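This briefing describes one protein model for a reader who works with coordinates. The sequence and the structure come first, and the notes follow.

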Amino acid sequence: MNGQMVKNAYEAFSPAVTTDAGRMQASGHVTGFFDDEKKTASGLVSGVNIDLGGSGGIISVDAGKKSAAGEFMDRLSLAADGEVLKDKMVLLSNTLSEEGFKQAAKDGYSLENVDPKEAVNSGDRIRATMLKAGVVIQGFNDDLSDEQLETITGSASMAASLKKGASEAGIRLSKQNVNDMMAAADMADKLETPDEKTKAYLIENGLKPTLENIYYAEHSVPESFNAPAAKASNSYVSENGYLGVQGVSSVKELEPAFRKVIEDAGMEVDDAALKHAADMMDNGIAVTAENFVRYTSMDDIRFPMDKDKVIKAAALAVSDGLSALQADVSRDKSLLETAVEMKETADEAANDPEALRALVAADRPVNLNNLQKALNGGINAGTEAEFPEKRFITARRQLEETRLVMTVEANFKLLKQGASLDTAELKDLVVMLKAAEEEINRERFNSDDAGEASVRAALYSETLKTADEIKDMPVSALGVFVSASVSFEQSYSIRSVSLSELRDEGTKRRLEYEKAGEAYETMRTEVRSDLGDSIKKAFANADSLMKELGIELTEENSRAVRILGYNSMEINGASVENMKRTCRFVDKVLDKMTPANVLSLIRNGDDPLKLSMEELDEKLTTEEAPEKYSEYLVDLREKGLISEEESESFIGIYRLIRETRKNDGAAIGALVNEGAEINFVNILSAVRSSRARGMDVSVDDLYTGMNGNIENDIYEQVRTAYDEAKAAQSMASIREAAGLPSEIYEELTESGVIATADHVAGLAAMRSNRGSLFKAAKKAALSENDSDSAAGILTDSFIREKFAKVIDEFDGRESAEAAYEEMADALEEALTGAAFGEGERIDVRDYSLAMKELHVSRELSRQESYEIPMEIDGEMSSVTVRILHEGRGTAFSDINMETSVYGEFTARIEFAGEAVKIGIFTSSEIMKAEQPHIADGLEEAMERAGIAFAGTDIFLTEHMGIKLSGRNADKDNSSRDTAVLYRASKLFIQTVGRTMDGGRI
C-alpha cells in the first residue's frame, strides 16, 4: 500500500489521529446484474484499531466482523494494482534525474516501454551505480519556480528548506513532493520528544523512529503498555535475552553485562552509555546490542525539530520510495546510500583481514557495524593470551560468503523492509541476503524457479563481464578470424565465432603482450601505455605505405593496417577493407551488449556466450520505431537544439534509411549501375525517382560506398542530438504517465496489458477523446500527396473499409483479432507515411500520440479488449468492447459508448449458455424512457441472428464511473459461448449505434 493510502486510511480510521472520521464511498463490481447481488457501499468508518507494523507502515485492520472499514480494506486490496503501478511511475519520475535517464539510455533501457516495477528496479540500480561512482545526484528542481514554491508554502524560509532538502536528496520538487514534505513537517510540529514508553513501544514492536510511527506511538499506545522485558525472571539474563530486574541490589552488579552489550553494539563504554543501558532495563526494554543501537539512535531526537532536518529526512524517505511520513528522523542518509556503504564495508573488510582479526581478538560480534568500526581503527584487540584462530577462520569464511552474496540491490530491498543489516551477525546476514537475492532474481528473470533464476543471474553477470573484457583485449586478436583473400561477405569466420571464443583468443594475446612487456592496442582503440612503446616505431612507415597503395589516410584505415601488421598479414586494398568491416562488425555487436539487451536475451532462453557473433547481431538488431524519432525530434525542436532546416534533414535521413531498407538497397544498386557517387543526396534522389526497381544490392553498401564526410557531417551529427534527446524524452514520458489517473493503470492491468508509460499515455488519450486515433488516421491518409507510395493509396474510402471490417468480422475471437490487426497495420502505414513521407506532413506531435494510441489498442485487442472505430452522430468516434471470462461457465461483454443524445452509457451483455441478456447503465432519462424501443430493436436483431434472447433492462445511475468489469479468470469457456458473445456485442453496436432522429434508434 502506498504512503498516500496509508495517510488517507490513517485519517479516516483512527479517532486518535483525526476528529473527522469522514465518509468513504466506493463502487463494487457488478456481476450478474439480474440476480439479487447488490453492490454499492457507502458509510461512516469508525471504531477500527490500526496497527502500523514494520518500517513500511503497513496497515492491518482488527475488526471482529465485516464492517464498512473491513469492506473498504478489501476493496483496497483488490484495486491496489493500479495505485501501486502509478506509485511506481511517480517514484521513478521523482527520483531518477536527467543524468540517470541518460545512463538508462546508455545501458539500453527504454524505461517508458517496460513495466513500472521493472523500471523502478532498473532506476534503483542506475542510481546505485552512480552513487558508487561518486556521482553527486542533485535534485532536479524544474517543476516549480521560487515564486510558485513560496506561494504554495506561504513562507520564504519553508520554500528554501524544501528546495535545499529536495536537491540534497536528489528528488524532484514537484507539487506532490512539496505537499508530502510539508505534511511531514506539519506532523513533526505535533510530536513531542519520545519518552521512555514511546521508545519501548517502538523497539518492542520492531518499528523505526519514523514520523508516523512516533505519532502513532504517542497518540494510540495505551497508558497501561509495558514492554514484556519488564516481566523478566530473577536471573540477570533470561532465556530470551532480557536482563532481569528483580533481586538486584545495585545496578553496579549488572555493569559487566552492560559493558559487554555496549561493546557488542560497537559503541564506547562510558557513563552515558551505562546510564542508557540502565534506563532501558528500568523501562522493560531488552538490553541487547541491537536494541541498544536503536535506543541510542533515538537519544538525539528532539521535538520541536529543526525544519531543515525534518524536510531532509522527508526528502530522503521519498528518494527511497517511501512516503514522506515514513521519514526516519534518526538518520541523515538515504537507505540507498546506506546500502551502497554496507556493500563497500563488506568489500573493504574482505580485503583487510587485520580489521577482522582485531574484531575477533576483541571477542565482538562480527557484523557490519563492528567491521566498519574495526576498519576505522576503533576496536581494541583485547588482552587474550591466545588468539582464537578457529573463530577467526570461521568469521573470515562467513565474511567472504557475505561479500559474494551481497549486492546493493539486496541491501536496499532488505533495508526498505526494516531489516537491521548493520547489527545482524554475518551468519544470519548471509541467509537474509540469499533470500532477498532469490526474490530479486525471480522478478528480474521472470522465473518462479529460484534455481533457474540463479543460473540466469550468473549468466547475465558473466556475459556483461565478458563483453567488457573483450573491449580491453588486444585488437590484433581479430586477425585470427579474418582471411585477407576472401571478401567480408564471403567470409563467415568472425561471424561464426562466439563471445567466449573471442574472449579466449583475446586473453591469450593479452598475456603474450604483457609477458613480453609490449604495448598493444585494445578493441576500444586505446593503447596500453604502461607497457612498451613499440607501436609507433613498428608502424612509422604506415602512412607512406597506404599512400603507395592508394588507401585513404583515415584513422579507420590506419587501424586496419596496424591489425594486419600485428598478424603479419598481407596489406592491400581488399585486406584493409575486410579488416575495417570486421572491426565495424565487432564494435557494432559489442555496442549492442548493453545490460538491457543481455537481460532480454537471457529472459528469452538464449545463452549470449554461446551465440555466434552473427546470431547476436541478428537477435540484437532493433530498428528504432519511427514514432520514437518523432518524439525525439519534438524534444529537440522545443529545446532549440535543432533548427527547422535541420529538422527537415532529420526527417529526410530517416525517410531515406526507411525507404532504402524497404527496397533492400535497390536505390544504391541503381547508383552503382550508373557510376554515380553514393551519398545521401544521390540515394534520396534515386528513391524519389524510383530508378531503383528490380536491383538486388545489399543495404550494407550504403555504408561501404558512402562518402565519409557526408556520413559524419549529416547523419552522425543528427544522431548525436537524437541520443541526447532520447533520455530527455524518456524522462518526459515517465513524468507524463506519473500524472495520469490510476484508473488508466487499473484498466490496463485488468486487461492483461503491461502498464508502461507509453501504454498509459496512449490509453489516457483514447479515453479523454473518443475516436482520436481514428480521426488522426483518416487525416493522415488524406495528407499524403505521393500517390505512388504505399501511404498514398490509403484513401478515405480504404480507411473506412478497414474500419467497417472490424465490426463485420466481430463474430469470434480469431476473426475479430485478425481484422483488428489488419486495420492496425493500415493505420500505422498511413500515419508513418504522413509523418515521414513526401509533401505536406502531419505534425509530429499528433503522430507520436496517435502511435501510442495505436500500440496500446493493438495490445488491448490481443486481450479481447477492443477500441472499435464508429461514426456516431456524423462524427468519428469509438466504442469500447471488452470480453470477459469470469469462470463458472459464464462470459460477459462490457460495451462503453457515447452519443450526443444519450451521453455516455455502459452495457453488460451476459451469456450463461442458455440466452443472452443485456443490461444498460446510463444517467440519461431520455434513454431510460426509450427502453421499449431499444429493447424491441435489440430483440429483433437477436432473433434474426438466431440468438436466444432474455431481454434488456436499463438502469439509471448517477455514477457512470461504476466498475462493471472484473478480472479475466477463465479463458477456457466454450468457443460456442464466446462466439455468441462476440456476435451479440456486434449486434448491440450496430443496433444502438444506428442513429435516427437526432440519435434515437
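Predicted model: local features only at pLDDT ≥ 70, side-chain atom pairs only at ≥ 80, totals over all residues.

Residues are numbered from 1 along each chain as its sequence is written, and side-chain values use heavy atoms, with hydrogens and water left out. The protein chain holds 44 helices and 10 strands, where helices (H or I, at least four residues) and strands (E, at least two) are DSSP runs numbered from the N terminus.

**Overall make-up**

- Of the 1001 residues of the protein chain, 52% count as buried, a term that means under 20% relative accessible area, with exposed meaning over 50% and partly exposed the range in between (1.4 Å probe, protein chains only).
- Among contacts in the protein chain between residues at least 6 apart in sequence, 68% join residues at least 24 apart, contact being defined as heavy atoms within 4.5 Å.

**Nonpolar cores**

- In soluble globular proteins, nonpolar side chains tend to be buried together.
- The largest nonpolar core has 79 residues, and Leu 111, Met 613 and Leu 748 touch the most other members; a nonpolar core is a set of buried Ala, Val, Leu, Ile, Met, Phe, Trp, Tyr and Cys residues joined through side-chain atoms within 4.5 Å.
- Helix 27 (residues 573-592) supplies the largest share of this core, with 7 residues.
- Apart from this core lies another one, of 59 residues, which includes Leu 162, Ile 203, Phe 258 and Ile 301.
- When residues up to four places away in sequence are not counted, Leu 748 touches Val 753, Ala 755, His 759, Val 760, Leu 763, Val 856 and Leu 860.

**Helix 8 with helix 10**

- Two packed helices are described by the angle between their axes and the distance between the axes.
- Helix 8 (residues 175-189) packs against helix 10 (residues 211-220) at an angle of about 35°, with the axes 10 Å apart; axes are lines fitted to C-alpha atoms, for helices over the stretch in contact, and angles run from 0 to 180 degrees between N-to-C directions.
- Ala 184, Met 187 and Ala 188 of helix 8 meet Leu 211, Glu 212 and Tyr 215 of helix 10 in this contact.
- By class, the contact of helix 8 with helix 10 has 5 nonpolar, no polar and 1 charged residues, where Ala, Val, Leu, Ile, Met, Phe, Trp, Tyr, Cys and Pro count as nonpolar, Asp, Glu, Lys and Arg as charged, and the others, Gly among them, as polar.
- Glu 212, which has its place in helix 10, counts as buried because its relative accessibility is 0%.
- Between Glu 212 and Asp 328, which are 116 residues apart in sequence, the C-alpha to C-alpha distance is 9.2 Å.

**Helix 5 with helix 15**

- The axes of helix 5 (residues 116-132) and helix 15 (residues 335-350) come within 10 Å and cross at roughly 60°.
- That angle makes helix 5 oblique to helix 15, given that angles under 35 degrees count as roughly parallel, over 145 as roughly antiparallel, 65 to 115 as roughly perpendicular and the rest as oblique.
- From helix 5 the contact draws on Asp 124, Arg 127, Ala 128, Leu 131 and Lys 132, and from helix 15 on Leu 336, Glu 337 and Val 340.
- By class, the contact of helix 5 with helix 15 has 4 nonpolar, no polar and 4 charged residues.

**Further buried residues**

- Glu 505 is found in helix 23 (residues 499-516) and is buried, with a relative accessible area of 14%.
- Leaving aside neighbours within four places in sequence, Glu 505 is in contact with Ala 477, Val 480 and Phe 481.
- Ala 355 belongs to helix 16 (residues 353-361) and is buried, with a relative accessible area of 5%.

**Backbone features in loops**

- The peptide bond from Phe 303 to Pro 304 is cis, with omega near 0°, and Pro 304 lies in the loop between helix 13 (289-297) and helix 14 (307-319).
- Asn 446, although not a glycine, has a positive phi of about 50°, and this residue is exposed, with a relative accessible area of 57%.
- Ser 568 has a positive phi near 55° and is exposed, with a relative accessible area of 70%.
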